[in-house]
Amino acid sequence: MLDIRPLTEFFESEMTEGFLELLLKMMRLTFQFDEKFRRNIEGFKGRYLFRSRDGQLTVSTVFANGEMEVGEDLIDAPNITITFKDDKALMGFLLAPRPDILGAVLRQDVVLKGNLNYLYKFAYMAKRLQLMATCQA
Amino acid sequence: MATITLPDIELSDCNLDTMPMLAKLRTQVMGSRAEVCVERARHITTYLRDLADPNEPQILRYAKAVRCFLSNKAPRFFDGNLLAGTTTSKRFGAPVYPELTGLTIWPELDTMSTREKNPQKLTPEEAEELNLRIFPYWMDRSVLEVTRHRFGNTEAMDLMARIVFFIGSKAGTISHTVPWYRVAMEQGLDWIIAQAAAKEHVLRAQNRSENADAIAFYQAVQEALTGLITYAANLGRFAALLAASESDEDRKKQLQIMADVCGQVPAGAARNFREAINALWLLQVGIHAESINMAMSPGRLDQVLYPWYRRDIDGGNLTVKEALELVGCLWLKLNDNTNLVPETAEELFGGSGTVPAVTLGGIDCDGEDAVNDLTYVMLRATELLKTRDPSVNARYHRGKNRREYVRRVAEVVANTKAVPAFYNDLVAIRTLENQGVATEHARDYAIIGCVELAASGRSYDASSSIILNLVSALELALFGGKRPVTGDDQIGPATGDPSTFTAFEDFWRAFETQLAWVIGRAIELNEQMGHVHQDVMPTPFLSSLFQGPMDKGKDLIFGGALYNSSGATHVGFADTVDSLNAIEQAIFVDRTCTFGELLDALKTDFQNAEKLHAYLVFKTPKFGTDHPAAARNAQRLVDFLYATYQSHTNYRGGKYRPAFWTMTNHAGQGKLAGALPNGRKAHRVFASGITPASQAAGDLAACLHSVGSLDYRHIPGGVAFNLKYPALEGDEDLDRFVGAIDGYFQAGGLHIQFNLMSYETLIDAKARPEAYPDLLVRVSGYSAYFRDLNEAMKDEIITRTAYSLREGQAVAFPVDHRDLLPFD
Amino acid sequence: MSRPLVFRIRRFSLDDGPGIRTVAFFKGCPLECAWCHNPEGKAPEAQLLIQDSRCIQCGECERVCPREASQPCSVCGRCFEACPPGARSLCGVHHPVQELVQILLKDRMFFGSSNGGVTFSGGEPTLHMEYVADVAKCLQESGVHVALETCGHFSWEAFRTRLLPFVDLVLYDLKLLNSAEHLQYTGVGNEIILENLLRLRREKGLRITMRTPLIPGITDTPANLSNLRHFLHQAGLNDHRLLPFNPYLPAFQIQGAEPCRSTSTMP
Ligand code: SF4
Ligand code: SF4
């Protein structure tokens, strides 16, 4: 079983700095070690681009051939681009117990461009990971 | 014209004590909690993904998918209801329609069973199935995504994504319509299938390539309807099986009857009232196999079912009480499903039912009094059951309907505290005629969903196509194309800084420019999604129950109906009108402040502008007070919207129809808007529907007169006018209640509906929801249980002006709760 | 007599005659009832009303008032206009006959179906006999049912010849049968009132509803009530209604006769 303690601590702390990197890293690891979780990406093709609003951070995530690749370059033809104000906004958007999606969209804390269904799937996986990390799943 | 033969139109002998079966069913229905049902999504997805022939036309593939679902649909008998058939595989199910917005619940699959507000239960196995097998197929195939793929990420789409301008409902629904079930019940589906087969045969024999679409349509009709026949046969067999092992003699007998009923209908003609009413219910189930469960309205049931009722009663084969039990069973069946709602949507739509609207009374196609014994049976069922659905609407023709009828409807309102809603036949019919509907068809109108008008089974109105926020256009005009809630982005056209305007007309022009721009985007997106619906979600099942498609060989979605239109409803009417009044009065008449000062006050939510705020609230003209300036601006806005929408023709060849009903959007959108010139503070709710702003119109007569005096020919989509009285007690109150409706209709009003509750009751119900589990309220068109509504919506219903029927004046709002008021 | 002033028009009213009615209240009253519920209707001249609960203490009224500190308020109207929340209002407006008729006819739509109509009340509408008669005549010609609420203290001849022909129903207030008590509590004896009543009951085709407000310890005494009942029975006036007592909760202060106080004295 994978040790997901870092993520657990993260979810239980107030810290949000570096949230995205950690989330993607843990997600990738979990896919490698947890067969059940891996079923989420079997046969799934999806290209995600995460960008911070200030342009400092660009992270791409590509799902293909049952694997998840994380990169730091711009990728072509993402299914969805998620531009977020800061890590806190992104974390709140994806994982808060009662996410203020309306507020985030209105304040443009998180701007989505592309196919929202890909975001829904990603949010499901992130949520799942969170539940696993906090031992609710 | 039907004569009334009931000795007692109130049917006071029939109640829940003398009909324990209904009492028990009602308790079960009220106690059941929503469960997500994946059955339809499973079969439709499996068929389209694994079994469909990619070379067949989409309409045929989709019809076969519907047939596949119906043929495999599990026969279920959850309770002692006398009608066979269920919308979903759960007792109270929320079906998933992945073609539309079903995928929005994806992030919540693991949590929606336990969420605080209106949880919807989902088993881990079914969550897994949605996650791994169903949703992935639809990621690039849902209506919105196909639209994006075909038309690109347009400005209109971006605007919709921002939530606070308009909602293009076609991403999530289209149907909103009233079919005509009579033919299917009189002749049977086998007959319709034979008709379709014959037409297909004739067209094939012609051997012309341009017939391909029509041939596919007739084939699709046969496929889809056959699915329902199979489902009914399965139900019948299962009922017989259950009957064989049932020990309770009564239930055994009922199951045997249901087995017989399903052996006859919907394939064959209904031979008696029970078969007719069960056939109708099965058709309703069939429609939901194809189209989403939103506002599929059965229509004028007191007319549709009357021939069977009359024949059985006259022949001594049915008692009034039995008829009432069957109607009660149908009412409860209409409550067997609900919408799938993700948590975020709770904020905008929480608590709504699926709003199958039933319409009663009024006049018939020949213009004669249509009220019959069955009308009173249905009124009694409504009065006794007090359930959220069906949404019951009473038509009232002041010349033709008798006084005792309208009094009886009023009595039902007094007893349910909320339903039915009233419609003015004279105005509704004139409004439809003005849209080109033939007089005999206009006379046969029925209500769709909340309040929209349809020529039953002849018009396809997609009446909830656009939900547009008027305040967004107002704010864009105030801030030169930006909105405070959306920050510094230039969204609408740059109409200039209002502080440079020298006349009210300048502002009005800016407002019109912004409004026309938002409308243009909303229509553009609606058209695109309409074309996508044509491509991916045709509706042959539904089409076979309309006049037009079967003759033209054309699906409803391609314009097969006799009449076509698209509805656009508007949020924030009174707040927008009052804000326009305030701008005119404060800046250009009284010169109390400059435009710059007003804008500054709005930006700071009236902090340090107490005097100006008081003036705006108390001294500027308000819609609902008979003030001529307010009446003029209200009508001018109505006229502008009418002209703008009617100049657009939709993808089915029909016109756009503006409307003013708001469901819960006025509360949700209000929460997302800044302070307004009428003194409404930032993030407070808007007024609902066409209703004057809460606490702004203190005089009942003036309020009824102003709302009634709008020109409703220019509001063909319908309106919701919500009125609240603290109580209705005794005959004298009832007379005045009817007198108020009469006066309002005489002034020209179209629709009115009531909540009979005091401020105190509602405030208490918010504080102690457990003490009011069944409190039914009218929202802005439909009914809801108060406990299910979100906080903003509760506040809006609480703050609606309550009028004393004895004094004709607003009742003072409780001082301790004034912070709930929009302007305090 | 000064110009007839209307101080309130109540639409959609239940308590002033049958059906749904619009009631016009006139200023000026010959009585001075101890329990008066419409004190703004007493004086025939225009007055200034101040609704304290609405006042936001902004001082605008003081700023615009042209009057010297010692002068009485002239009801010039400047502060009504200036007061932002509308806490100050004018009590008493004069409408030309046709204007008032039009205002009252606005609610016709409610009259027909409920068998309602228009009621003249006050104050005392018979103080403005000519004017009320002109308005009532126009209403009757438009088919509107006209009711008159009166304390009965008026000149019979003028009433009979001018106003009565245009009235369908009289709501006749009778408070106390004993004239001395009447004098004590209302400022006038009841001789004229009783005399007018006895004449009125002989008028053909006129409906009369007798009304007695129940004032604790004054009109609701067993003696008074049984005397009234007896008297009315003798007179053949059997439609007699007792109006329940509601404690009077003033929603505003009246100013006008006395000097206008400045805002600083407001609570
Ligand atoms: S207090 Fe009287 S005198 Fe002064 S402004 Fe007001 S109305 Fe005029
Ligand atoms: S009464 Fe005078 S102080 Fe009070 S709100 Fe009105 S103008 Fe201001």
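1. Salt bridges first. Over all chains, a search of the whole structure turns up 67 of them. This is a predicted model, and every value below is computed from it.

2. One pair ties distant parts of chain B together. B:Asp444 forms a salt bridge with B:Arg300, with the closest N and O atoms 2.7 Å apart. The partners are 144 residues apart in the chain. B:Asp444 sits in the loop between α19 (439–442) and β7 (445–448), and B:Arg300 in the loop between α11 (273–290) and α12 (301–304). B:Asp444 is buried, at 4% relative accessible area. B:Arg300 is buried too, at 1%.

3. Compare the pair B:Lys482 and B:Asp488. Here the closest N and O atoms of the salt bridge are 3.4 Å apart. B:Lys482 counts as partly exposed, at 25% relative accessibility. B:Asp488 is exposed, with a relative accessible area of 62%.

4. C:Arg199 pairs with C:Glu195, the closest N and O atoms being 3.1 Å apart. Both belong to helix α8 (residues 191–200) of chain C; because they are four residues apart there, about one helical turn separates them. C:Arg199 is partly exposed at 27%, and C:Glu195 is partly exposed at 42%. Elsewhere, shared partners join B:Arg380, B:Glu383, B:Arg408 and B:Glu411 into one salt-bridge network.

5. Now the nonpolar cores. The largest has 345 residues, and B:Phe273 and B:Phe507 have the most contacts inside it. Helix α9 (residues 212–245) of chain B gives the most to this core, with 16 residues. Which residues does B:Phe507 contact, leaving aside neighbours within four places in sequence? They are B:Leu474, B:Ala477, B:Leu478, B:Pro498, B:Phe501, B:Leu580, B:Ile583 and B:Phe595. A second, separate core has 43 residues, including C:Phe26, C:Cys138, C:Leu197 and C:Leu237. As background, nonpolar side chains tend to be buried together in soluble globular proteins.

6. Helix α31 (residues 759–767) of chain B is worth a look. Its buried residues are B:Tyr759, B:Leu762, B:Ile763 and B:Ala765. Seen down the axis of α31(B), they fall within an arc of 160 degrees, so they line one face of the helix. These residues pack against β13 (722–725), β15 (776–778) and α32 (791–799) of chain B.

7. On chain pairing, two pairs of chains touch, and the most contacts are between chains B and C. Chains A and C do not touch; their nearest C-alpha atoms are 34 Å apart.

8. Most peptide bonds are trans, and most residues other than glycine have a negative phi. The bond from B:Val265 to B:Pro266 is cis, with omega near 5 degrees. B:Pro266 lies in the loop between α10 (249–264) and α11 of chain B. A cis bond also joins C:Gly122 and C:Gly123, with omega about 20 degrees. C:Gly123 is in the loop between β5 (117–122) and α5 (129–141) of chain C.

9. The other two places concern phi. B:Asp605 is not a glycine, yet its phi is positive, about 55 degrees. B:Asp605 is in the loop between α25 (595–603) and α26 (610–619) of chain B, and is partly exposed at 26%. B:Gln695 has a positive phi near 70 degrees. B:Gln695 lies in the loop between α28 (665–671) and α29 (700–708) of chain B, and is partly exposed at 22%.

Terms used
Residues numbered from 1 in each chain as written. Chains lettered and ligands numbered in written order. Predicted model: local features only at pLDDT ≥ 70, side-chain atom pairs only at ≥ 80, totals over all residues. Heavy atoms only, no water. Buried < 20%, exposed > 50% of the residue type's maximum accessible area, 1.4 Å probe, protein only. Arc of directions from axis to C-beta. Contact = heavy atoms within 4.5 Å. Core = buried A, V, L, I, M, F, W, Y, C linked by side-chain atoms within 4.5 Å. Salt bridge = Lys/Arg side-chain N within 4 Å of Asp/Glu carboxyl O.
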